[in-house]
Amino acid sequence: MATTPRKPKSADSKTAAAPKPQAARTNGASKQQYDKNQMLTWYEQMLMMRRFEEKAGQLYGQQKIKGFCHLYIGQEAVGAGIESAIRPDDYVITAYRDHGQALVRGITPNAVMAELYGKTTGCSKGKGGSMHMFSKEKNFVGGHGIVGGQIPLGAGLAFAAKYNKTDNVCICLFGDGAARQGALHEAFNLAMLWKLPVVFVCENNMYAMGTSVERTSNVTDIADLGKAYYMPSEQVDGMDVVEVHERTLAAVERCRKGDGPVFLEMRTYRYRGHSMSDPAKYRTKEELEKYKEQDPIIRLQHYLMEGKIMSEAELDAIDERIKAQVQESVEFAENSPFPDAEELWKDVYVGDYPFVREE
Ligand SMILES: Cc1ncc(C[n+]2csc(CCOP(=O)(O)OP(=O)(O)O)c2C)c(N)n1
Ligand SMILES: [Mg+2]
């Protein structure tokens, strides 16, 4: 059970250090506020993201998965805490570090794994791969490889929601590196001007490839970027699923009321390198260990166990079930066919522009 993020063990199979028990949780949440079902949902979602990607990392090493592969390990609280704060019919759009978001939105592990394998049964029919998970049905609008490219697209999705007179919101996620793109300013400006229902979420994992936040700008509190547009903006502990949930919920409620966008800078950390080919020499082992002590899965485990909400044996059983599901997804992907060459000519947009609504 070397990879089990259980009480005294490491959250990540690659490290031996045992994180110290955390306070049950921060931000004053209590078990009265969140029922067992909600706690378990967060726990299972985060553990699924972690186990799924541990397996994906191994499969990449075996060259079963090819191309780019960026792991989300360490950042799971952001994905799970956001999902519980929105509705299935809301939109989520993100960058290329997208496996976790795809899973938490409800795309099956089978469909995500098959996409990593480039198989027809993948959520993008095997034509997108790791960086381009997508599901129209789940309102998960990708998976984007152009750094910051999804920021104006996220504002556009929010514009569509407003234009079509729905009360949907868009969660638009991007990294600390993407926050330095000019497109962010254009999107922030129009989103504020038009009061678009978009929650911009910067997942500040402290690095853009090998470049630290301090090396990209003198503005290291990224939330401050929103203030230039008078956009409500704040920092969130992105290693705490409850805090992510609460801050996102408040932001989403504001959007749904028609009061316009919110910017949340979620402070988090990726345990692995930027992508599979990155040995991460630009940071120290001590820094990594420091963040692992705040591991979001272990934090929730402590809470569940100290509060006697779940026993260690019950948590073990969940882990085993999730690992079996991940293994099943590998077999599903292995046994699925690659697309025919014909597929190259399909799903290429050539139509007219059917999006303007008749008044
Ligand atoms: C427009 C553009 N410029 C550069 C790149 C190369 N590139 C890929 S990922 C990346 C770093 C982005 O870092 P960040 O936004 O912090 O996201 P993270 O990888 O940390 O999730 C860069 C520069 C790219 N894909 N697109
Ligand atoms: Mg980053």
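**View 1. Cys170 of strand β2 and its partner in strand β3.** Cys170 stands opposite Val198, a residue of β3. Strands here are DSSP runs of E with at least two residues, helices are runs of H or I with at least four, and both are numbered from the N terminus. β2 and β3 (residues 198-204) pair in the parallel sense over six bridges; two strands pair if DSSP finds at least two bridges between them. From β2, the chain crosses through helix α6 (residues 182-193) to β3, making a right-handed β-α-β crossover. Right-handed means that, with the strands pointing away from the viewer, the path from the first strand over the helix to the second runs clockwise.

This is a predicted model, where local features need pLDDT of at least 70 and side-chain atom pairs count only at pLDDT 80 or more, while totals for chains, interfaces and linings use all residues. Residues are numbered from 1 along each chain as its sequence is written, and chains are lettered from A and ligands numbered from 1 in the order in which they are written.

**View 2. Strand β2 and its other neighbour, strand β1.** β1 (residues 91-93) pairs with β2 in the parallel sense over three bridges. Look for Ile93, which stands opposite Cys172 in β2.

**View 3. Phe52 in helix α1.** You can find Phe52 in helix α1 (residues 36-61). Phe52 counts as buried because it has 27 C-beta neighbours inside 10 Å (buried: 20 or more other C-beta atoms within 10 Å of its own; exposed: 12 or fewer; partly exposed: in between; C-beta atoms are placed from the backbone). The C-alpha atoms of Phe52 and Gln325 are separated by 8.9 Å, although these residues are 273 apart along the chain.
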